[in-house]
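Hi,

Here is the structure I promised to pass on. Have a look at it first, then read my notes below.

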Amino acid sequence: RMNAKAALLLLLLCAANAAADAADLADKLRDDSELSQVTSESNVRNEPVSSLQFYSLLESDPVANSTLSLRSCTIFVPTNEAFQRYKSKSAHVLYHITTAAYSLKNLPSVMSSDMAGNPPLYITKNSNGEIFVNNARIIPSLSVETNSGNKRQVMHIIEEVLEPLTAKSGDSDTISNPDALKFLQQAEQLNLDNLNVRTYRNQVTLAKKESVFKSPGQHTFLVPVDEGFKLSARSSLVDAKVIDGHMIPNTVIFTAAAQHDDPKTSAAFEDLLKVTVSFFKQKNGKMYVKSNTIVGDAKHREGVVLAEIVKANIPVRNGVVHLIHRPLMIIDTTVTQFLQENAENGALRKFYEVIMDNGGAVLDDINSLSEVTILAPSNEAWNSSNINNILRDRNKMRQILNMHIIKDRLNVDKIRQKNANLIAQVPTVNNNTFLYFNIRGDGSDAVITVEGGGVNATVIQADVAQTNGYVHIIDHVLGVPYTTVLGKLESDPMMSDTYKMGQFSHFNDQLNNTQRRFTYFVPRDKGWQKTELDWPSVHKKLFMVDFSYHSKSILERHLAITDRVYTMDDLVRLSQEAGSVTLPSFRDALNIRVEKEAGRYVIIWNYKKINVYRPDVECTNGIIHVIDYPLLEERDVVVSGGSYLTESSICITLANLIMITVAKLLN
C-alpha cells in the first residue's frame with residue numbers, strides 16, 4: 001500500500017514538473033514584450049491579427065495548446081512588428097509548429113508543420129549565413145530551449161508571420177498540401193489574390209510537361225499569370241524548353257533569403273541551350289526574376305528577360321512557387337513595346353514618363369529604328385534635384401534623352417569586343433555625342449560603366465533583349481552632371497594618370513571648389529603613355545613625388561579658370577571670330593585654336609594638332625575636354641628631364657662632396 005502511495009506521489013510530482021516546464025515556455029510567450037500585443041477587445045471586433053498576441057492565438061488553439069503542454073516541438077514565433085505588417089485576417093498557428101525539437105544549428109532543410117496535411121517548412125540561408133524559415137529570418141539571439149525528461153521544446157523568434165498555401169472557403173477539404181502540379185491544376189480554388197494561371201497550365205498540358213511540376217525534392221517554380229499573355233501569339237511560344245527554363249531544380253529560393261543577381265542553373269541547361277535564372281530587388285522593394293539565355297537556338301534567342309514577381313513565396317510540397325507577371329525566355333516585344341509595358345508600374349516607369357512628358361517624339365524615333373540599344377535610367381536615377389531643374393527645358397531634355405539611344409544592337413559581348421585594349425566609343429543619335437563604355441572584370445563579376453555628357457553610370461541590368469535590340473538599365477541619367485571636376489577625375493578610368501599626378505602635387509585640391517568654373521583639358525591615360533615613347537625618362541619623372549613641382553606646372557597649363565565654362569563649340573566659334581582663343585590659366589595664358597574636322601574637334605597649340613577624344617564632359621563646377629596628348633613643350637622636357645635636381649638630391653650630392661674633401665684632408 002505504501003508503494004502504491006509512493007508511486008502515485010511520484011506520478012503527481014512528474015506531472016507537476018511537466019506542467020511547470022510547459023508553463024515556463026508559455027510564460028516566455030506571454031510575457032515577452034517583443035511578442036505580446038493588445039488585447040481581447042480587438043478579437044471581439046474581428047480586427048486583423050496584427051492586434052492579437054501570438055500567445056493568445058496559441059492558447060485558443062487546442063491542438064497547439066496540447067502540443068506545447070505534452071510534446072517535444074519547435075515553435076516559430078513572429079515578433080510584434082511582424083504581426084503589425086501582416087495583411088491577412090488570420091494567422092495559422094499550427095503552421096508555426098513542428099513536432100520535433102530543433103536547435104538553430106540542427107534545423108533540417110525541410111520539416112513538416114503541425115497544420116492539417118502537414119505542409120512543409122523550408123530552412124535556407126542567405127549569403128551572410130542568416131537562417132530563414134520560409135521567408136522569415138530567425139533572430140538567433142532570441143532562441144530559447146527547454147528540456148524536461150522526454151519532452152524537449154525549442155522556440156525561435158522570427159521576423160515575419162509564416163503564411164501557408166490555403167484553399168478558398170469551401171474547398172479546404174479537397175486540397176491539402178499540394179505539390180506544384182496540384183497547385184497548377186487547382187489554382188482557381190486557392191487563395192492567390194485573384195491571380196489566374198490557366199494559360200500557362202494549358203501550355204504545360206500541351207507540352208506534356210506535368211512531370212516537371214510533380215518532381216519530388218525541393219525546387220523553385222516560376223509561374224507566369226494570365227496577365228502576361230495579353231499578346232495573342234505569346235502563349236504559343238511557351239514550349240517544353242521554356243517550361244524547363246521556369247524551374248530551378250534542387251534549390252528552394254524564398255525572396256528574403258535570395259542572393260541577388262546570383263545566376264542559378266535552370267532545368268533548361270544542356271549542350272545546345274543554356275538558361276540561368278536569378279533574383280534581384282529594386283530600391284522600392286519590388287522583386288524581379290530574370291532569365292538569361294546564355295546559349296540560344298533557332299527558337300530561343302540569347303538575352304535577358306525580366307519579370308516582376310506579383311505573388312511570392314508560395315510553399316508547396318516539393319518546393320516554392322513564385323507567380324510572375326510575364327513568361328521568361330520569350331523575346332517577342334520591340335524596345336518600344338517593352339517601354340510601354342513598363343509604363344504603369346514597371347522598372348522603367350519614370351523613364352517612360354519623361355519621354356511622354358517631352359511630347360513622345362523620342363518614342364517615335366526609337367520605334368523607327370530597325371536596330372536600337374537603349375541605356376535606360378532606373379526609376380531611382382530620376383530622383384536627383386539636378387534633374388528636376390532640367391525637366392522643364394524640353395529642348396535640353398530631348399538632347400539628354402537622345403544621349404541614351406544607340407542605333408545598333410549592342411549587347412555586353414559586343415561592348416567587350418569594342419572594349420578590347422581601349423575604352424569603347426559608341427555614337428548616339430544625338431549629333432556628335434558619344435558614349436564611352438568600360439568593362440572591368442569577367443563573367444558574373446564584370447562591372448560595366450558608361451560615360452555620357454560628363455556622367456558615369458553603372459549598368460545594373462544588362463542585355464534585356466527585345467526583337468529589335470537591347471535595353472541596359474543604368475543607375476544615373478546621362479548628361480546631367482552630379483559630381484565636381486575632382487570627382488570626375490577620381491572616378492573615370494580614362495583620366496586616372498592625370499588624377500594621380502594632380503594628387504601627389506596637390507594640384508587637385510582646388511578642383512572640388514563649387515564657387516569656381518573650370519575648363520580643364522585633361523590628357524587621357526594613353527596620351528601620357530605616348531610621352532613615355534617620346535621621352536621615357538621624362539614620363540617616369542612626371543609621376544615621381546620628387547618632381548611634383550614640374551608635374552604641377554604642366555597641369556596648370558591645362559586648366560582655365562574663368563567666370564564661365566567653354567564648350568568645344570564655344571571654342572570653335574571664338575577661334576573662327578578671332579583666329580585663336582586665349583584662356584587665362586595658372587601658368588601664363590593658354591593660347592589655342594580649335595577646329596572641327598569631319599565631326600571631330602582638334603586643338604592647335606604651338607603648331608601641334610591634338611585631337612579631342614571626349615569633348616564637353618560636364619561637371620557641377622566646370623567642364624572637361626579629354627585630349628589625346630598633353631600640352632607639353634620641349635623646354636618642359638629639358639627642365640623636367642635630366643638637368644634638374646631635387647632639393648633632396650642636391651643635399652645628398654653636397655654631403656658626398658664634403659665627405660670626399662674631408663677624406664682627402666685626412667689623408
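This is a predicted model: local features need pLDDT of at least 70, side-chain atom pairs count only at pLDDT 80 or more; totals for chains, interfaces and linings use all residues.

Residues are numbered from 1 along each chain as its sequence is written, and side-chain values use heavy atoms, with hydrogens and water left out.

Start with helix 12 (residues 361–368), where Val362, Leu363 and Ile366 are buried. Buried means under 20% relative accessible area and exposed over 50%, with a 1.4 Å probe and protein chains only. Helices are DSSP runs of H or I with at least four residues, and strands are runs of E with at least two, numbered from the N terminus.

On the face turned away from them you'll find the exposed Asp364 and Ser368.

Now the cavities: there are three of 30 Å³ or more. A cavity is a set of points on a 1 Å grid over the protein atoms alone where a 1.4 Å probe fits but cannot get out, and lining residues have an atom within 4 Å of a point. A volume is the space filled by probe spheres set on the points, which are joined across faces, edges and corners.

The largest cavity has a volume of about 40 Å³. Its lining includes Phe434, Arg600 and Tyr613, and strand 27 (608–619) gives the largest share, three residues.

Cheers

Technical notes: On a 1 Å grid over the protein atoms alone, a cavity is a set of points where a 1.4 Å probe fits but cannot get out, and a pocket is an open set with protein on both sides within 12 Å along at least five of seven lines; lining residues have an atom within 4 Å of a point.
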